[in-house]
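The stops below are meant to be followed in order.

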Amino acid sequence: MTTAFTQSSVNPQQARPQLPTMPTGWPIGSYESYEQAQRAVDHLAGTDFPVTDVTIVGVEPVLVERIAGRMNWRRLLGNAAMSGALFGLFLGLVLSMLNPGAGLIPIGIGLVAGIGFNLLFGALGYAASPNKRGFISQSQLVARRYDVLSQPRNAEKGRELLADLAARSAFGH
């Protein structure tokens, strides 16, 4: 039997869910940024706290789309040519290693073919797209806050440790 996609664990109680499931546990801290939540878990990890009982949960997810610049034909064709050149150069290098007597010819052919095909398919794809956007963007899923949860058996200890961290941070230590 193959177990390539299963998770094995020494202790079955510590096994993580195989499918997406809602997190369990009691809240022991709430933070405005993921970095702060990570810092809290790092603090717990630096103590005797069993961090395998801890989960960071992003609450109220928000999709943020950051605009990176304008999209036009010139930019599209420039990006297509650049990525085609890199792919063609790689392919040409591989072909020249397979046939050492060919010299630089496979590299040149790969470079020209990569640029040509990528320009053609990039232009056709953009022209055929019914919802052409005039900008380039990157999407990111963020949360309004990040809760740190712990299993009930260790929740009180976790709250005390994180309260200690907050107190030390407030006094600048």
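This is a predicted model: local features need pLDDT of at least 70, side-chain atom pairs count only at pLDDT 80 or more; totals for chains, interfaces and linings use all residues.

Residues are numbered from 1 along each chain as its sequence is written, and side-chain values use heavy atoms, with hydrogens and water left out.

**Whole chain**

Start with a cartoon of the protein chain, which has four helices and three strands. Both are DSSP runs numbered from the N terminus: helices are H or I with at least four residues, strands are E with at least two. Along the sequence the pattern is β-α-β-α-α-β-α. Switch to a surface: the protein chain exposes about 12600 Å², and carbon and sulfur atoms supply 62% of this area (Shrake-Rupley method, 1.4 Å probe). Of the 173 residues, 24% are buried; buried means under 20% relative accessible area, exposed over 50%, and partly exposed in between, with a 1.4 Å probe and protein chains only. Contact means heavy atoms within 4.5 Å. Among contacts between residues at least 6 apart in sequence, 82% join residues at least 24 apart.

**Helix α4**

Select residues 155-170. The 16 residues of α4 should span 22 Å at 1.5 Å a residue, and the end C-alpha atoms are 22 Å apart, in agreement; the expected span is 1.5 Å times one less than the number of residues. Which residues of α4 are buried? They are A155, G158, L161, L162 and L165. These residues cover an arc of only 130° around the axis, so they sit on the same side of α4; the arc is taken from the directions from the helix axis to the C-beta atoms. On the face turned away from the buried side, look for the exposed residues E160 and A170.

**The core around L162**

Select I28, Y31, L44, V54, V148 and L162, the residues with the most contacts inside the largest nonpolar core, which has 15 residues. Such a core is a set of buried Ala, Val, Leu, Ile, Met, Phe, Trp, Tyr and Cys residues joined through side-chain atoms within 4.5 Å. At least two residues of this core come from each of β1, α1, β3 and α4. Centre on L162: leaving aside neighbours within four places in sequence, L162 is in contact with I28, G29, Y31, A40, H43 and L44.

**Aromatic pairs**

The whole structure holds three aromatic pairs. Rings of Phe, Tyr and Trp (its six-membered ring) pair if their centres lie within 6.5 Å; planes under 30 degrees apart count as stacked, over 60 as edge-to-face and the rest as tilted. Select W73 and Y126: the ring centres are 5.0 Å apart and the planes at 85°, so this pair is edge-to-face. W73 is in α2 (residues 73-98) and Y126 in α3 (residues 105-128), so the pair ties together parts 53 residues apart in sequence. W73 is partly exposed at 40% relative accessible area, whereas Y126 is buried at 15%.

Next select F117 and F121, with centres 6.2 Å apart and planes at 10°, and therefore stacked. Both lie in α3, four residues apart, about one turn of the helix. F117 is exposed at 53% relative accessibility, and F121 is exposed at 53%.

**Last stop: E60**

Select E60 in strand β2 (residues 54-70). E60 is not a glycine, yet has a positive phi of about 55°. At 43% relative accessibility, E60 is partly exposed.
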